[in-house]
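Hi,

Here is the structure I promised to pass on. Have a look at it first, and then read on for what turned up.

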Amino acid sequence: MIDRSAGRSRLRVSEALALLAPVIGALVARLVPAYPEPRAFWSGLVVQLALLAAPLAMLRARQAPATIGLGRRGWRRSLLLGGAYCLVYLALLVVAARYGLTTSHFDAARRRLGLAVVLALYLPFWGLAEATWMAYLLALVQRALIGPGPLTWRAVGIAGLWFGVLHAVVQIVLYRQSPAAAAGYVLVGLLLVAAGSIPRLTGNAWGMVLFWIVSNF
């Protein structure tokens, strides 16, 4: 019988902090006495800054970007699949717009701050930093809970659940929603499952980064 736990490794402190980064960011954001308008945008930015814990943990462990799927191997297939996902997403936006539905959560920030400012902050933090943190989460779940080897659907599912739970906790901690009202945010984890299917199918996470930058705006 194969011992699948043999390749698993314990979490380092820096890795645990990276896993909890959104909640830590929410706790820090609550310490700020007041935010300028739009307040949700600026407090959310504090949470996004906390996601830099993932690349910092990698630096501490001397891990190369390729260890979380951000390498050269398979990058073309990954970007092609990510581009296809983007096209599907944009097509769904067009259909939604025809029925008067909007999905962007940066509308208020764009009206208040202007598109240039929002893009200058969105691209590095809600885009690249969050997608990098997601890739880190996927790789860490695979290594710590399942074992070495290619990314598995099981790891994608566990990471998606954790992603959803963290979104619910952030709503409770930062935006002071009731647990019942915040519970629906667990479903956000399905977005990570969808995005995580790209590195699962291609072995490379750059397509996921592309898709997340487009779809998270």
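Glu 15 is buried, at 2% relative accessibility (buried means under 20% relative accessible area, exposed over 50%, and partly exposed in between, with a 1.4 Å probe and protein chains only). Even so, Glu 15 has a charged partner: a salt bridge links it to Arg 12, with the closest N and O atoms 2.7 Å apart. By salt bridge I mean a side-chain nitrogen of Lys or Arg within 4 Å of a carboxyl oxygen of Asp or Glu. Arg 12 itself is partly exposed, with a relative accessible area of 43%.

Before going further, some ground rules. This is a predicted model, where local features need pLDDT of at least 70 and side-chain atom pairs count only at pLDDT 80 or more, while totals for chains, interfaces and linings use all residues. Residues are numbered from 1 along each chain as its sequence is written, and side-chain values use heavy atoms, with hydrogens and water left out.

Back to the charges. Side chains of opposite charge can pair when their charged atoms come close. How many salt bridges does the structure hold? There are four. One of them joins Asp 107 and Arg 110 at 2.5 Å, N to O. These two sit three residues apart in helix H6 (residues 107-113), so about one helical turn separates them. (Helices are DSSP runs of H or I with at least four residues, strands are runs of E with at least two, and both are numbered from the N terminus.) Asp 107 is partly exposed at 25% relative accessible area, and Arg 110 is partly exposed too, at 26%. Elsewhere, salt bridges that share partners tie Arg 12, Glu 15 and Arg 143 into one network.

Glu 37 deserves a paragraph of its own. You'll find Glu 37 in the loop between H2 and H3, where its side chain meets that of Arg 39 in a salt bridge (3.2 Å, N to O). Glu 37 is partly exposed, at 37% relative accessibility. Pro 38 is in that loop between H2 and H3 as well, and the peptide bond from Glu 37 to Pro 38 is cis, with omega near -5°. For a sense of scale, Glu 37 and Val 141 are 104 residues apart in sequence and 37 Å apart in space, C-alpha to C-alpha.

Most residues other than glycine have a negative phi, and most peptide bonds are trans. Arg 62, in the loop between helix H4 (53-61) and H5, has a positive phi near 60°. Arg 176 has a positive phi of about 60° although it is not a glycine, and lies in the loop between H8 and helix H9 (179-182). Are they buried or exposed? Arg 62 is exposed at 79% relative accessible area, and Arg 176 is exposed at 59%.

Now the pockets. On a 1 Å grid over the protein atoms alone, a pocket is an open set of points where a 1.4 Å probe fits, with protein on both sides within 12 Å along at least five of seven lines, and lining residues have an atom within 4 Å of a point. Grid points are joined across faces, edges and corners, and a volume is the space filled by probe spheres set on the points.

The largest pocket has a volume of about 1000 Å³. Its lining has 39 residues, with His 105, Trp 126, Glu 130, His 167 and Asn 216 nearest the centre. That lining divides into 28 nonpolar, nine polar and two charged residues (Ala, Val, Leu, Ile, Met, Phe, Trp, Tyr, Cys and Pro count as nonpolar, Asp, Glu, Lys and Arg as charged, and the others, Gly among them, as polar). Several helices supply at least two lining residues each, including helix H5 (75-98) and helix H7 (115-146).

The second largest pocket comes to about 570 Å³. Of its 26 lining residues, Ala 66, Thr 67, Ile 68, Gly 69 and Ala 139 lie nearest its centre. H7 gives the largest share of this lining, seven residues.

Happy browsing!
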